[in-house]
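Here's a quick briefing on contacts, cavities and salt bridges. Have a look at the model first, then we'll go through it topic by topic.

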Amino acid sequence: YAEELGRRFRGKIRFYEYFGEYLKNALPQQTANVNHIVFAAAQGLKKTNPDALLVAPGQDHMDTILTVFPVLAKSGALRWVDRLSLHTYGFGSSLQMHETMEKLKMQIQRYAPGMKAFNTEGGTCSTDVLYYDDICGENLFYPNYKTELEQAVWDIRAQVMMFSSGIFEKSAIFYSYEGNVGGRKFYHFINPDNEISPRPVFPAYARLVQRLSGAKVLGEFQQRSRNGLQGYLFRKNNHVFAALWRYTFDHIPRRVILPLPTKNLKVWDLVGNPIIPIGKKQSEIMLGDEPVWVDFLEGTEQEARRAMSKLQVVQIVPEISAEKTRLRIRICNSGDTALIGTLFLNKEKVAEVRIEAGETYHTSYPFRNPEKIHAYRVLFRTTAGDEFLSDEVRFLPVARASGPVVLGIPLKLPVVTKKILAQWFVRFMMRIISILLWRFAMTSTGLPMRIRLCCGRMMRCSYCLC
């Protein structure tokens, strides 16, 4: 079969993938089959098509690849394989999957140095969460299906990871052109209901290809273990740009400070909408799960590298609250090192503070004028030069009443008397009479015109009296 395959498609097809999501059972039971088939495929293809390259095993469970790959390598099957093929579903979903890719790179270096990988299938199934009950009956496992935004986020993160990893040579997207998958078109780039409206993944991929096509990876800049920050730096046609995102557990964006003036860079979201950084001498953006693109407009590649290496994620936000006549300040150090610095309240120095890793600092101060409205803001400046600023808070003073509350203007409710009821009844009857006269005048065609006009005048008079 392999010989005929190579002969028939010689000069047309170069890569041949054997197996597709086959290794799902216990590997010891399948190792012999894998070795036999991979050996036969390699011998047959090479005999009739010397340029053919064998790709295997099409592993689809990325959480098991770290177990599968060493077993295949030790069994000798990889001796006949030219490229390692993977189905990277969920690759960009989490920090754990990113770490899986890093461990896979180390395994390849150990067991098959120099081997490249193909992503022969990948993508994220999504659906509109408003129509969960219209997907595929009662057997739907809801956690498998993501929102359309998550589809774009996961796909773009996975593609950027693989492009920058150094081990992936090609990447393919799973897309069901004909028919549905699981009852609906989960992997599609357009709305399955009208076949017109694009999902976010459509412009996100367009922006991805536009940027990375022909680009060179300059380096990886990450703080994953500290705050989930992940970044890559690229160069294309003497233009330097970066991709940034954060792996979050709470899906809350955090302030990220880029040590460059705002005039020196431009920031775009994953579909190409501009993001305006705040600041002057340094730029600040809100960064969460969604990737952003950063264009470095001025300076050299080395300056861009320095800026990426000094990215700061602000996870420490001083909190202000009020309790009776005192202003309470709370600072939680969620980092892994102690914080030493100075605490300022409305630009006035109030204390020298040391907060150990994982600890929370508490203090309180009396309100200066509790009966007036004041704006309060706390600044914590560390000895390393980092500044953590709270939101501005304004507390509304509330006075305590010295006695019972008396309204200045007494409230008067209308009193319904017999006279008022009689007037309402007369108006109601006049309205009924006017309607009857109008119907009589309009339907009695046999009456003389003079009488009909008289009835109409009486109807108008009775209506006016009402």
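Contact here means heavy atoms within 4.5 Å of each other. With that rule, R224 touches L95, H98, E99, E102, L229, Q230 and Y247, leaving aside residues up to four places away in sequence. Keep in mind that this is a predicted model: local features need pLDDT of at least 70, side-chain atom pairs count only at pLDDT 80 or more, and totals for chains, interfaces and linings use all residues. Residues are numbered from 1 along each chain as its sequence is written, and side-chain values use heavy atoms, with hydrogens and water left out.

**R224**
- R224 sits in helix 7 (residues 224–227); helices (H or I, at least four residues) and strands (E, at least two) are DSSP runs, numbered from the N terminus.
- R224 counts as buried because its relative accessibility is 8%, where buried is under 20% relative accessible area, exposed over 50% and partly exposed in between (1.4 Å probe, protein chains only).

**Cavities**
- A cavity is a set of points on a 1 Å grid over the protein atoms alone where a 1.4 Å probe fits but cannot get out, and its lining residues have an atom within 4 Å of a point.
- Grid points are joined across faces, edges and corners, and the volume is the space filled by probe spheres set on the points.
- By this rule there are 2 cavities of 30 Å³ or more.
- The largest cavity holds about 80 Å³ and has 16 lining residues, with T88, G122, G123, D155 and A158 nearest its centre.
- Helix 5 (residues 148–165) gives the most to that lining, with 5 residues.
- The second largest cavity is about 30 Å³, and its lining is G122, G123, T124, Q151, D155, I173, F174, Y187 and F189.

**Salt bridges**
- The whole structure has 17 salt bridges, each a side-chain nitrogen of Lys or Arg within 4 Å of a carboxyl oxygen of Asp or Glu.
- E4 pairs with R8 at 3.6 Å between the closest N and O atoms; both lie in helix 1 (residues 2–8), 4 residues apart, about one turn of the helix.
- E4, R7 and R8 are linked in a network of salt bridges.
- E319 and R330 meet at 3.1 Å, N to O. E319 is in strand 15 (residues 319–323) and R330 in strand 16 (residues 326–332), so this pair ties together parts 11 residues apart in sequence.
- E352 and K349 form a salt bridge at 2.9 Å, N to O; E352 is exposed at 55%, and K349 is exposed at 52%.

Technical notes. 1 Å grid on protein atoms, 1.4 Å probe; cavity = no way out; pocket = protein on both sides within 12 Å on 5 of 7 lines; lining within 4 Å.
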